[in-house]
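Let us learn to read a protein model by asking about one feature at a time.

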Amino acid sequence: MMREWATVVSWQNGVATLHSEIKTSCSSCSARKGCGSHMLNKLGPKNAHVMKISSPDPLIPGQRIELGIAESSLLSSALLVYMSPLVGLFILAGLFQMLFHSDLAAACGALLGGIGGFIIARGISSILGRSASYQPVILSVALPPDALHVTTDA
């Protein structure tokens with residue numbers, strides 16, 4: 001089970017809006033100047049992912065909760081997203097090469113196959129996203145931010 005902590009932004013009618021921070025190790029890496037991931041992280045959104053999840057128990061804004069998602073769901077999603085455009089690319093490139101006997105036709109077929117595979121993956125992922133096994137679940141709920149008060153005698 002993959003685990004991640006998130007902060008409650010709001011809770012209404014059994015649906016909690018959560019804010020999950022993006023973690024990156026780029027700040028501690030010494031190869032930042034020549035790394036493509038560091039450049040992509042700088043281009044992307046700086047903050048976090050916002051998601052909605054059902055929670056029958058009332059949650060307070062600012063409260064931290066631990067979410068979990070099955071590793072098999074995560075791996076099958078990654079396989080779908082990466083492999084379907086690649087399979088489409090090879091199939092249509094080979095088909096166009098066989099039909100038209102031209103490298104230009106094969107390149108066009110590869111482009112169409114990659115785009116088609118991406119569209120198919122997007123459609124399948126929206127269907128799979130409705131499945132309960134692909135939804136994050138609440139594993140634990142931390143105390144609200146105002147639950148603990150520490151006083152010291154000076």
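The dialogue below takes up a core, a helix and a residue in a strand.

Q: What should I know about the model before reading it?
A: This is a predicted model, in which local features need pLDDT of at least 70, side-chain atom pairs count only at pLDDT 80 or more, and totals for chains, interfaces and linings use all residues. Residues are numbered from 1 along each chain as its sequence is written, and side-chain values use heavy atoms, with hydrogens and water left out.

Q: Which residues make up the largest nonpolar core?
A: In soluble globular proteins, nonpolar side chains tend to be buried together. A nonpolar core is a set of buried Ala, Val, Leu, Ile, Met, Phe, Trp, Tyr and Cys residues joined through side-chain atoms within 4.5 Å, where buried means under 20% relative accessible area, exposed over 50% and partly exposed in between (1.4 Å probe, protein chains only). Here the largest one has 8 residues: Ala6, Val8, Ala16, Leu18, Ile53, Leu59, Ile65 and Leu67. Two or more residues come from each of β1 (2–12), β2 (15–21) and β4 (64–69); helices (H or I, at least four residues) and strands (E, at least two) are DSSP runs, numbered from the N terminus.

Q: Which residues of α3 are buried?
A: In helix α3 (residues 103–128), the buried residues are Ala105, Ala106, Gly109, Ala110, Gly113, Gly114, Gly117 and Ala121.

Q: Is Ser54 buried or exposed?
A: Ser54, which lies in strand β3 (residues 48–54), is exposed, because its relative accessible area is 55%.

Methods. The expected span of a helix is 1.5 Å times one less than its number of residues.
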